[in-house]
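Subject: Structure for your review

Dear colleague,

Please find below the structure that I am handing over to you.

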Amino acid sequence: MDIRVKFLGGAKSVTGSKYLITVNDFNVMIDCGLFQGLKELRLRNWDELPIDPEEIDCVLLTHAHIDHSGYIPLLFKNGFGGKVHCTEPTRELAEILLSDSAKLQEEEAEFANRKGYSKHNPAKPLYTVRDAIEALNILEAHPFDQTFRIHNQIEVRFFHAGHILGAASIELIIYSSQGIKRMVFSGDLGPMHNPLHFAPAKPPNADVLFMESTYGARRHKDVDLEKELRQLILESDKKGGCILIPAFSVGRTQLVLYYIWKIFQNMKSRPVYIDSPMAISVTHLYKAYSNYHRLESDSEFGHHIFDAPFVHYVTEQSKSRVLNTIKDRAIIISASGMATGGRVLHHLFHRLPREQDIVLFTGFLPEGTRGRDIANGEKSVKIFGEEVMINAKIHVLDGFSAHADQDELVEWSGHISEPPKMTFLIHGEKEQAEVLRERLIGRGWNVTIPDYLETFTLYDHV
């Protein structure tokens with residue numbers, strides 16, 4: 001039995017996660033994400049895969065974020081005929097996120113053609129909404145902590161990763177003539193202490209470990225999020241402006257609402273506008289899948305925080321535009337969190353030039369994203385092909401991160417009692433992965449940081 005891995009994404013970067021495991025002639029892809037961020041990375045989305053999609057037998061999906069799931073419609077469009085296996089909430093989230101991803105691509109292509117700022121004529125999306133909807137039929141949902149078989153010699157188990165709703169780590173169990181071989185894929189791990197999601201489950205022992213390293217060199221600051229957010233709200237009142245929060249629709253929006261709800265128990269509330277159709281749909285899923293997170297509807301709060309009277313859900317685009325006329329005492333939460341697309345771009349276009357307003361980023365901003373440029377103190381940023389001056393106050397509050405930090409990654413991996421024969425650090429920028437590698441090597445582990453498109457033989461004739 002020959003077992004190999006090829007890194008088709010998520011290698012020395014935090015995007016485009018795709019890992020091809022080949023067991024003899026059986027091909028399993030772990031995650032199927034789009035590249036985001038730097039242009040040189042995004043261009044990879046248009047490259048042909050090194051393997052014909054028809055030769056891939058199945059996909060195992062850790063969670064629904066687009067950098068892990070967004071390539072599925074393109075894989076399906078190009079001939080993939082297998083199943084995409086995931087958890088039950090991930091199946092529901094993927095329906096929302098993939099359709100939205102396709103819609104944004106169609107809108108961006110149409111806008112680029114209308115404004116004439118694309119180098120391609122005509123500009124086209126990677127895939128359409130119809131492609132995304134058709135691809136949803138190949139997603140097959142499984143419960144957590146129950147093994148299922150994808151091959152007569154391969155079993156799979158999903159266990160909680162604590163990152164977003166439905167996020168899983170994966171145990172891949174391969175039966176060979178030499179015994180059982182176990183691979184563990186961490187997926188994206190959440191922090192150990194989070195008021196919204198459960199802590200990541202302890203991993204089993206593994207012969208080969210694939211572990212994310214997004215925050216491999218960072219430690220989360222000991223920040224009083226409630227206190228700092230309250231101070232920003234008071235500062236906004238004093239300045240006579242509004243707060244704009246670019247936030248991811250999955251997990252981040254709901255966590256921000258949790259802290260705002262807590263703050264407004266002890267001060268007069270302001271209108272909070274959730275201006276993202278996707279975030280609204282995802283919030284409904286958090287309510288439907290209350291057993292998969294910590295904010296149960298019958299909690300101590302007396303009523304569900306998502307139904308608080310100060311929360312206003314903006315579904316119509318015309319009403320979204322009206323928000324730009326609000327001058328003060330309002331909080332607008334809109335996607336995307338990295339300011340790479342979505343309705344938040346229209347708000348940034350109007351709010352960034354205003355000295356009275358505050359733009360609050362609530363998490364990691366990869367290199368090459370518009371959000372990173374704004375947070376880094378650029379004087380202007382290009383939106384819709386126009387240069388927009390940045391006069392608003394820019395604030396970054398890292399404590400909302402949905403990723404485990406360095407210490408938490410080390411703690412999680414420490415539950416593996418026997419050192420894996422091989423450990424690959426994935427889904428992390430090179431500098432982050434290198435620092436984490438040193439800590440794991442200090443434990444006596446064999447640790448590799450793979451390159452994009454690099455191939456390794458994991459087992460040879462076992």
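Leaving aside its neighbours within four places in sequence, with which residues is M183 in contact? In this predicted model, those residues are I3, I21, I170, E171, L172, I174, V208, F210 and L458.

M183 also belongs to the largest nonpolar core, which has 129 residues. Together with I21, I150, L172, F210, I333 and L458, M183 is among the members that touch the most others in this core. Helix 7, spanning residues 252-263, gives the most to it, contributing eight residues. There is also a second, separate core of 22 residues, and L244, A339, L348 and I383 are included in it.

L244 leads on to strand 12, which covers residues 243-246. Both faces of this strand are covered: I243 and I245 are buried on one side, and L244 and P246 are buried on the other. In a regular strand, side chains alternate between the two faces of the sheet.

Strand 12 has parallel pairings with strand 15 (residues 331-334), over four bridges, and with strand 16 (residues 358-361), over two bridges. I245 has I333 as its bridge partner in strand 15, while L244 stands opposite V359 in strand 16.

Finally, I draw your attention to the second largest pocket, which holds about 340 Å³ of space. Its lining consists of 17 residues, and H193, H220, K221, L225 and G399 are those nearest the centre of the pocket. By class, seven of the lining residues are nonpolar, five are polar and five are charged.

With kind regards

Methods:
Residues are numbered from 1 along each chain as its sequence is written. This is a predicted model: local features need pLDDT of at least 70, side-chain atom pairs count only at pLDDT 80 or more; totals for chains, interfaces and linings use all residues. Side-chain values use heavy atoms; hydrogens and water are left out. A nonpolar core is a set of buried Ala, Val, Leu, Ile, Met, Phe, Trp, Tyr and Cys residues joined through side-chain atoms within 4.5 Å. Buried means under 20% relative accessible area, exposed over 50%, partly exposed in between (1.4 Å probe, protein chains only). Contact means heavy atoms within 4.5 Å. On a 1 Å grid over the protein atoms alone, a cavity is a set of points where a 1.4 Å probe fits but cannot get out, and a pocket is an open set with protein on both sides within 12 Å along at least five of seven lines; lining residues have an atom within 4 Å of a point. Grid points are joined across faces, edges and corners, and a volume is the space filled by probe spheres set on the points. Ala, Val, Leu, Ile, Met, Phe, Trp, Tyr, Cys and Pro count as nonpolar, Asp, Glu, Lys and Arg as charged, and the others, Gly among them, as polar. Two strands pair if DSSP finds at least two bridges between them.
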